[in-house]
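Hi everyone, thanks for coming. Let's look at a structure together, one piece at a time.

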Amino acid sequence: MTISGILSIDKKKSTLMWFLVPITVYMVVFFLYPVIYNIFIGFFELKLGRTPIYNGVSNYREMLADTQFLNSLVTTLIFVFSAVSVEVVFGMLIAFLLNHENRVMEIIRTFILIPTVFTPLVAGLVWKSLYHPDLGMITYYLRKFGIDIGRGLIVERSLALGSIVVVDIWEWTPLMVIIILAGLKSLPTEPYEAARIDGAGEVPIFFKITLPLLRPTLLVALLIRSLDALKVFDIIWAITGGGPGTSTTVANLRIYEVGMNQLRIGYAAALSNVLLIIGVIIGIFFIKFIYQKEKL
Amino acid sequence: MAIVGRNGTLQSTINIFRIFLILIILAFIALPVVWILSTSLSQRIAMFKLPPKLFSAFIIDNFKYVFTQMSINSWIANSLIISIGTMILSLIIGVPAGYAFSRINFRGKKLLLIMILLTRALPTIVLVMPFRLIMQNFGLLGTRTAVILIDTVYNAAFTFWLMSGIFESIPSDLEDSGRIDGCNPVQAFLYIAVPLSKPGLVTSALFAFIFSWNDFLFALTLTSPDTTTLPLGMLSTYGILQQGWTYMAAMGVIAIFPVILLSLLLQKYYISGLTFGGVK
């Protein structure tokens with residue numbers, strides 16, 4: 001390479017380094033700093049309008065005895081686990097149902113995108129109306145078919161969380177379908193041809209070829225969905241507000257209550273740091289996985 | 001699946017079963033969509049009748065009411081300003097950075113990517129509480145700017161990640177030959193690389209818009225009554241109107257209309273954004 005060539009590569013690099021400055025500064029100021037600040041104020045007794053008092057780990061000690069928060073954490077885990085597992089399994093089944101190339105399937109695949117862009121708060125209000133204990137359409141027909149839903153789906157403690165999970169399934173199963181369909185499309189055809197020549201049936205082909213090949217796609221979809229399900233707020237806020245009782249109070253709602261209504265900001269920060277840890281743990285799996293793919 | 005001939009009856013039974021399943025799934029997906037449309041066009045009184053019916057009437061009074069009797073215009077304006085603001089800021093910050101990331105190696109490259117990807121893992125509630133305090137110190141609490149700033153954290157990161165993938169798939173030969181013709185690196189980026197990456201730009205812009213338009217939690221914690229967005233405004237009237245589902249539905253239709261329209265019109269880009277990261 002000529003000297004001028006090397007110089008121009010150096011010039012290119014030094015110019016392009018400037019392109020990275022805005023995003024780095026932005027993320028440090030509006031992402032890292034708030035997160036670190038949150039970790040920091042978790043060690044303070046911080047109430048609005050009062051001087052912060054350093055109190056070490058006593059917020060965390062209080063948390064360990066805070067049954068309301070611990071319950072909300074359990075509710076969160078139940079919500080995330082049940083919603084995401086149903087979404088992945090249904091997503092796969094529906095993807096196989098729709099995995100045919102024709103005009104009708106194309107239209108259906110377009111149509112099922114709608115829940116994924118449907119404003120979550122609006123979706124929540126719509127489902128709340130459908131679930132209404134006296135006038136809701138779903139309530140009416142469930143009762144008509146003789147299904148016992150007590151005083152109503154979102155009135156009975158035992159049914160409320162499940163009803164919210166159904167809304168999440170409605171909203172996000174289509175995403176799984178779309179991701180899995182794209183994954184199916186990108187699969188190589190050779191293993192299938194070989195298996196068919198060997199006379200393998202459809203069921204063994206699915207378990208021996210399709211599932212292993214689809215594994216990376218399923219895994220990343222599972223991680224992304226789990227991270228997003230952990231953020232659930234809007235639909236619960238709209239439908240039950242966390243009730244009846246605390247049956248649908250996920251950690252996000254509890255933290256909001258402590259921080260925004262009780263104005264115990266230090267304690268809310270400490271509670272949210274637990275979620276931060278859960279998010280980062282799932283996030284590390286996610287990042288490791290992306291790394292393998294990008295081979296950095 | 002090539003089972004034909006003697007298994008013909010079995011095959012057609014399976015087909016009927018398949019069609020039946022697909023219809024059930026479609027009905028489940030369609031119910032809330034059809035309900036909100038029909039309710040927005042119904043008379044209020046119809047909401048109190050059993051059995052509940054879809055399409056009991058076809059009136060536009062509910063839309064007239066929400067546009068004349070509520071502050072919906074200012075909510076729409078706020079939502080639009082926040083969504084478009086986020087879209088522009090995310091592109092400005094994310095696109096050049098994604099380009100540079102795909103073209104050069106430097107120390108700390110991994111660290112930058114980890115930071116970007118961690119935004120995806122960060123529970124929103126963890127960011128919004130300290131963000132509120134920081135915005136208060138900046139004197140920005142209650143402004144649309146505060147919401148744009150927090151929305152951009154997530155969307156600049158997405159744009160960056162998506163665009164770095166897009167630029168990686170575009171060979172740098174063209175830019176190099178452009179540079180020999182006297183383009184400096186900035187011109188090579190603007191006039192050669194950017195035009196080639198249009199699909200990525202559309203996807204990034206679309207996702208930033210949808211994210212901010214659909215946001216509720218950030219608007220709830222960071223706006224004031226003057227800067228209320230559409231979802232937030234809608235909720236505030238749901239309680240007051242009691243069983244006024246028809247007005248809520250009309251507002252809901254107005255809220256979901258732009259995002260559904262955009263995602264259908266730009267379907268190719270929308271799907272490529274949805275599947276990005278999952279399939280590569």
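**A valine in chain B**

Let's start with V147(B), which sits in helix α6 of chain B, residues 144–168. Helices here are DSSP runs of H or I with at least four residues, strands are runs of E with at least two, and both are numbered from the N terminus. A word on the source: this is a predicted model, where local features need pLDDT of at least 70, side-chain atom pairs count only at pLDDT 80 or more, and totals for chains, interfaces and linings use all residues. Residues are numbered from 1 along each chain as its sequence is written, while chains are lettered from A and ligands numbered from 1 in the order in which they are written.

So, is V147(B) buried or exposed? V147(B) is buried, because 30 other C-beta atoms lie within 10 Å. (Buried takes 20 or more other C-beta atoms within 10 Å of a residue's own, exposed 12 or fewer, partly exposed in between, with C-beta atoms placed from the backbone.)

Which residues does V147(B) touch, leaving out those up to four places away in sequence? They are I82(B), F218(B), A219(B), L222(B) and T223(B); contact means C-beta atoms, placed from the backbone, within 7 Å. D215(B) is 68 residues away from V147(B) in sequence, yet their C-alphas are 9.4 Å apart.

Stepping back, chain B has domain 1 (5–62) and domain 2 (71–240), with bounds from an automatic or database domain assignment. Their centres, over C-alpha atoms, are 37 Å apart.

Finally, chain A: 14 helices and two strands, and 43% of its 296 residues are buried.

Definitions and conventions:
Contact = placed C-beta atoms within 7 Å.
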